[in-house]
Amino acid sequence: MKQVHVRRTIHAPVTAVWAVLTDPQRLQTAPTGVTRIEGTIEKDARIKLWSEASPGRAFPLQVTELVPHRRMVWQGGMPLGLFKGVREFDLREQGASTDFSMTETFTGLMLPLIWKSMPDLQPSFETFADGLDAAVRGVDT
């Protein structure tokens with residue numbers, strides 16, 4: 001198992017963070033590192049995501065869990081569980097701010113081989129969190 005994680009305090013209400021996090025258009029126009037999303041972000045929906053971390057490659061994902069204003073999970077990978085990525089978004093209200101965390105856990109028999117060929121995802125996680133923060137606060141970057 002391998003994990004990548006980021007956490008931020010976003011100085012905005014959880015409803016504002018959730019509104020950006022679940023809006024494909026805003027995610028791809030904000031400086032989140034997401035270059036394109038096809039589909040609707042809702043429970044059990046299938047989406048395709050393109051990112052700066054792996055230009056030119058689409059990642060087919062399924063929204064496997066969605067608890068409004070609290071938690072969302074995206075999952076993708078190879079058949080038979082040979083390789084699986086599970087990205088968890090968690091939001092907690094902290095007064096007038098939001099504690100945002102995003103963790104992706106990678107598992108599967110192919111993990112050792114695939115992990116070697118993957119770019120370091122920590123910078124893209126940092127970019128996503130910073131871009132989400134900027135988009136929520138309406139900061140032009």
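Glu-65, Arg-71, Glu-88 and Asp-90 are linked in a network of salt bridges, where a salt bridge is a side-chain nitrogen of Lys or Arg within 4 Å of a carboxyl oxygen of Asp or Glu. This is a predicted model, in which local features need pLDDT of at least 70 and side-chain atom pairs count only at pLDDT 80 or more, while totals for chains, interfaces and linings use all residues. Residues are numbered from 1 along each chain as its sequence is written, and side-chain values use heavy atoms, with hydrogens and water left out. Here is a tour, topic by topic.

**Salt bridges**

- The rule gives a count of 11 salt bridges.
- Arg-7 and Asp-99 join their side chains in one of these, at 3.0 Å from N to O. Arg-7 belongs to strand β1 and Asp-99 to strand β7, so this bridge ties together parts that are 92 residues apart in sequence. (Helices, H or I with at least four residues, and strands, E with at least two, are DSSP runs numbered from the N terminus.)
- Arg-7 is partly exposed at 46% relative accessible area, whereas Asp-99 is buried at 8%. Buried means under 20% relative accessible area, exposed means over 50%, and partly exposed is in between, with a 1.4 Å probe and protein chains only.
- Arg-8 and Glu-126 also meet in a salt bridge, at 2.5 Å from N to O. With Arg-8 in strand β1 and Glu-126 in helix α4, the pair ties together parts that are 118 residues apart in sequence.
- Arg-8 counts as buried at 18% relative accessibility, and Glu-126 as partly exposed at 30%.
- Arg-137 is partly exposed, with 44% relative accessibility, while Asp-133 is buried, with 14%.

**Helix α4**

- Helix α4 covers residues 122-137, and its 16 residues should span 22 Å at 1.5 Å a residue; the end C-alpha atoms are 23 Å apart, which agrees. The expected span is 1.5 Å times one less than the number of residues.
- Among the buried residues of α4 are Phe-125, Phe-128, Ala-129, Gly-131 and Leu-132.
- The buried residues of α4 pack against β1 (2-10), α1 (14-21), α2 (24-29), β2 (34-38), β6 and β7.

**The nonpolar core**

- The largest nonpolar core holds 35 residues, and those with the most contacts inside it are Leu-21, Met-72, Trp-74, Phe-89, Phe-100, Phe-128 and Leu-132. Its largest share, six residues, comes from α4.
- A core of this kind is a set of buried Ala, Val, Leu, Ile, Met, Phe, Trp, Tyr and Cys residues joined through side-chain atoms within 4.5 Å.
- Leu-27 sits in helix α2 and is buried, with a relative accessible area of 0%.
- Leaving out residues up to four places away in sequence, Leu-27 touches Val-20, Leu-21, Thr-32, Val-34, Ile-37, Ile-41, Trp-74 and Phe-128. Contact here means heavy atoms within 4.5 Å.
- Leu-27 and Leu-132 are 105 residues apart in sequence and 7.4 Å apart in space, C-alpha to C-alpha.

**Aromatic rings**

- The whole structure has five aromatic pairs. Rings of Phe, Tyr and Trp (its six-membered ring) pair if their centres lie within 6.5 Å; planes under 30 degrees apart count as stacked, over 60 as edge-to-face and the rest as tilted.
- Phe-83 and Phe-106 form a stacked pair, with 5.8 Å from centre to centre and 20° between the planes. Phe-83 is in the loop between β5 (71-77) and β6 (84-94) and Phe-106 in strand β7 (residues 97-107), so the pair ties together parts that are 23 residues apart in sequence.
- Phe-83 is buried at 12% relative accessibility, and Phe-106 is buried at 4%.
- Trp-74, Phe-89, Phe-100 and Phe-128 are linked by ring pairs into a cluster.
- The charged end of Arg-36 sits over the ring of Trp-50, 4.0 Å from its centre. The rule for this is NZ of Lys or CZ of Arg within 6 Å of the ring centre and within 35 degrees of the ring normal.
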